[in-house]
Amino acid sequence: MFELNRRHLLAGALSAAAVTMVGCSGSDGDSEGPKAGDKVPTSGELSVWCWDPAFNVYAMKEAAKIYQKTSPEVKVDVKETPWDDIQTKVTTLAQSKKGDQLPDILLVQNNAFQKNVINYPELFADLSDSGVAFDEFGESVVGYSKIDGKNYGVPFDNGTAINALRTDLLEKVGLKVSDFTDITWDDYLTMGKDVKAKTGKPLLSAQSGQSDMLMMMLQSAGASLFGDDEKANIANNETLKVVMKYYGELMKSGVLVELNSWDQYIGSFVNSNVAGTINGVWILGSVQTAKDQAGKWEITNVPKLVGVDGATNYTANGGSSWAVSAKGDTALAADLLKKTFAGSTELYDTILPKSGALANWSPAGKSEVYKKPQPFFNNQPIYSKVVEFAGKVPSNKTGAYYYEARDAVAAAMVKVLKGTKIDEALAEAQKNVEFAMK
Amino acid sequence: MTAPPTSEVEAPDRAQGKVRFRSEQRRNLTGWVFLLPAAILICLMNFYPMVQALIMSLKTGRGTRFRWADPLWENYTRLFDDDIFRTTLFNTFFYLIVQVPIMLGLALLLATLLNNPNLRFRGLWRTMIFLPCAVSLVSYSLVFRTMFATDGLVNDTLIGLHLSNAPIDWLGNTWTARIVIVLGLLWRWTGYNMVFFLAGLQNIESSTLEAARVDGANAWRTFWHVTVPQLKPMILLCAIMSTNGTLQLFDESWNLTQGGPANSTMTMSHYLYQLSFNRNPNFGYASALSYAILIMVAVLAFIQLKVGDKRD
């Protein structure tokens, strides 16, 4: 699928951001001593699958360098593998009982994490007792890789949502980005109509037939497509109905415009056809490909739903976590993750300026690197802002059937936009998801 | 592989018979040895997985924990209750029924035109029409997606020619999206079938065409009553191949429309892939779906063979 390309863009664009801040903080975060560390071998070779040379592949290679400072005998072999291929390989290897061919560490999309562990628990190592301090990560990001109370993943890529806006276009309407901070979707609609009327440009664009926007809105109120009993919660999901109502209004008023492909979506803001975008923070990589718009962008938090319990201005989209194969060198792999992605501010200080890889690990967010003003974003310290947002993102239940549910809701929204009643479309979605879960 | 010499040889005539039988055997053996590598490979790579898939289609369960379905044919009956499968079935047959006849008709027409020995630059035309086949399915799908974007080439042209006032959301509406896929298929495959027809036309005795002309038949009657009947085996071949190909259609649905809007352009094979790799993996059900496709292809091919055989 085309989502993966986002990260290529992200990394390339952010590399220019700051070059001076490499390795200023050397604290290792490993002072309490490894609990499961006694049995960790001091030599060996770890294989890793992840997909973006300028982003997660780069981050893993940097992590390997840091780990090798204390364990010089350990080699790390990173194989660039697109996510679609990782998913296909995991499924095929599991199905043909060749799990030993998995790499020691693999990066898994947060949306697919639970599905894979629930279906193939024999492949994934339980990291609960590995010594990784999971409480140092945001609850919502750990939730993606937590199954039955056990932790199977170390969160890596931050999917915290941001509302990025074009300050120059807003100025024409007499608005500022602060007018969009801590607002509701009602406020957003009102201002959006104003922007549309005076500049002719929508505030927002999205890819048609995709559920990303709907899911972000839903998660912002802490709601999910599945209930506590893990049954599909779609037809009677009052929050979802509110979400769809707002989405319909956004479309009808022209504040939101739908485009048919990912490239068109990117093009809509790169070519100044829309005045803003709401997405996971990784979208900023694509935003920054428009060099002529430097200094004209700012970010803030997302609007919240009205009339819904637990509504917040924070949500997330996407992201990924490191999983450890149960069939490989589990102890060594877990130790590497613990001492780097879950224990080295040095790592995050290195990879942020070069690849834009934002930490989910909270101690890293306090580093000076994150507070640096970003010229592209009108000298806002966007990274520390995003880290601040990240801590407030409500959790979202994914489970094994998350993709079915997302697809069904996306299809329902398409039908609603074409005139079907929300209740009717959601009843059909509920039926399809229940059918898939049977 | 040779048999050990036997002492049981008694009568010379019997021995002679035996020797002859042996040489025949040897010839048979040689034949089998030549066949063996291909036969083993096809059994291993094709028939063995097919049998495994059949067995898997009778099983159910999460991940790798399979058990026999209860009843055994549960996955197959499940197909009948699956709304998304029904949609994909409809879509696939829409492509089949609309696209294949148009394509074969066009291919036949083009082949006849390009078979005219007096036509100039024949080789050039033929190559140009065949060329789309050399393009990868994925790249042409992506090009079509760009062309039919709301701000793409097609809309710009339509607006430029004042044929349309506002851009048409080709890929965002059910029927226009289906039409774009049909157009894509036509572009990609017409030339391919045309080459088969051209080859078939070479085998038609020019004397039969001359005889028809002498008898006073016009071009259309000559084409319809002389050329087409003699091309019948080729038409049949192309029809079966296209049917088979269309029922297994994947790339266009996957790359051009991503199955949307709301699954309304998704093909059966696309759904099969989704069931296995995108969604919660359900290989038992996906195998049942693949067998359903196999049965449909077989039945359609059988019908076409029956219909095609009538004249012979």
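Tutor: Helices (H or I, at least four residues) and strands (E, at least two) are DSSP runs, numbered from the N terminus. This is a predicted model: local features need pLDDT of at least 70, side-chain atom pairs count only at pLDDT 80 or more, and totals for chains, interfaces and linings use all residues. Residues are numbered from 1 along each chain as its sequence is written, while chains are lettered from A and ligands numbered from 1 in the order in which they are written.

Student: Which residue with a positive phi follows H10(A)?

Tutor: Helix H10 of chain A covers residues 262-270. Phi is near 60° in the residue that follows H10(A), Ser272(A).

Student: Which elements do the buried residues of H10(A) pack against?

Tutor: Buried means 20 or more other C-beta atoms within 10 Å of a residue's own; exposed is 12 or fewer, partly exposed in between, with C-beta atoms placed from the backbone. In H10 of chain A, Gln264(A), Tyr265(A), Ile266(A), Ser268(A) and Phe269(A) are buried. Their packing partners in chain A are strands S8 (204-207), S9 (256-259) and S10 (276-280), and helix H11 (283-287).

Student: Is Thr398(A) buried or exposed?

Tutor: Thr398(A) sits in the loop between helix H15 (382-390) and H16 of chain A. It has 24 other C-beta atoms within 10 Å, so Thr398(A) is buried.

Student: Leaving aside neighbours within four places in sequence, what is Thr398(A) in contact with?

Tutor: Contact means C-beta atoms, placed from the backbone, within 7 Å. Beyond those sequence neighbours, the contacts of Thr398(A) are Asn111(A), Gln114(A) and Tyr144(A).

Student: How many residues of chain B are in contact with chain A?

Tutor: Helices H3 (83-95), H4 (110-119), H16 (402-417) and H17 (422-437) of chain A each supply at least two residues of the side that touches chain B. Chain A brings 25 residues, and the number from chain B is 23.

Key
Two residues are in contact if their C-beta atoms, placed from the backbone, lie within 7 Å.
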